[in-house]
Amino acid sequence: MTEFKTVSLADQVFERLENDIITGVYPRGEIITELKLVEQLGVSRTPIREALRRLEQERLIRESGKGSVVLGITVEDLVDIMNIRERIEGLAAYYATQNLTPEGLEELTQISELQDFYFAKKDIEHLRQMDDRFHDTIYELSQRTIIRDTLLPLHRKTMRYRKISIEEPSRLQHSIEEHKAIFNAISSGDADLASQLITQHIIRAKKNMIARFDYHG
């Protein structure tokens, strides 16, 4: 029982640290140590050590001998992530359309309606969350484990730059319109169109995120 609790806590610590690194709470080049994290998070060294090991495997940190150096997401990483998404996200949309269930359609419909609601309120944080749900739901609906497991962590790693990107009013409006078109293609059963539209969406998002990266680092 103790082992299960330790693993669960390590997962929580990993998710917290991963999120803080991706969103820039811990900037690139900062050194984090086990002792510092024990004090900040109020947990023992064991789950922190396990979380740091996993973060190193994810190439988000590097051991320096004096602590773990935060590597974060570089512009090269961002380009690679978006290039991969550009090439395989269309497959996710294609299979999601083919395998669409009534429950899946209901989920996408709710996301689409919430996007309109939060867009009217200009609620950027909730719109980012809806972007997460929209893409993650398509990955799940594809029912293709390899595609889902490849895209989920890549999408998560762009969190900071997706939020920065949609803070630009023109890109925000276009992104909502693109999501709506993808949703309509999926709901109407046009798998080829859904694949084409989501690929174009990723290409535009990549261009905008890379341009914004220059201003925010």
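Modeller: Gladly! One cut-off to start with: a residue is called exposed when its relative accessible area is over 50%, buried when that area is under 20%, and partly exposed in between. Please keep in mind that this is a predicted model.

Colleague: Where is K122 found, and what is its relative accessible area?

Modeller: K122 lies in the loop between helix 5 (102-121) and helix 6. This residue also has a positive phi, about 55°, although it is not a glycine. K122 is exposed, and its relative accessible area is 51%.

Colleague: Let's move to the helices. How do helix 6 and helix 7 run relative to each other?

Modeller: The axes of helix 6 (residues 124-141) and helix 7 (residues 145-157) come within 9 Å and cross at roughly 170°. Angles over 145 degrees are classed as roughly antiparallel. Helix 6 and helix 7 are therefore roughly antiparallel.

Colleague: Which residues of helix 7 meet helix 6?

Modeller: On the helix 6 side, the contact involves D131, D132, H135, D136, Y139 and E140. The residues of this contact divide into three nonpolar, two polar and five charged. The partners in helix 7 are R148, L151, L152 and H155.

Colleague: How far apart are the end C-alpha atoms of helix 6?

Modeller: Helix 6 has 18 residues, and at 1.5 Å a residue they should span 26 Å. The distance in the model agrees with that expectation. The end C-alpha atoms are 25 Å apart.

Colleague: One last stop: how far is the C-alpha atom of R49 from that of E34?

Modeller: R49 belongs to helix 3 (residues 45-57) and is partly exposed, with a relative accessible area of 44%. Along the chain, R49 and E34 are 15 residues apart. Their C-alpha atoms are separated by 6.9 Å.

Methods
Residues are numbered from 1 along each chain as its sequence is written. This is a predicted model: local features need pLDDT of at least 70, side-chain atom pairs count only at pLDDT 80 or more; totals for chains, interfaces and linings use all residues. Side-chain values use heavy atoms; hydrogens and water are left out. Axes are lines fitted to C-alpha atoms, for helices over the stretch in contact, and angles run from 0 to 180 degrees between N-to-C directions. Helices (H or I, at least four residues) and strands (E, at least two) are DSSP runs, numbered from the N terminus. Angles under 35 degrees count as roughly parallel, over 145 as roughly antiparallel, 65 to 115 as roughly perpendicular and the rest as oblique. Contact means heavy atoms within 4.5 Å. Ala, Val, Leu, Ile, Met, Phe, Trp, Tyr, Cys and Pro count as nonpolar, Asp, Glu, Lys and Arg as charged, and the others, Gly among them, as polar. Buried means under 20% relative accessible area, exposed over 50%, partly exposed in between (1.4 Å probe, protein chains only). The expected span of a helix is 1.5 Å times one less than its number of residues.
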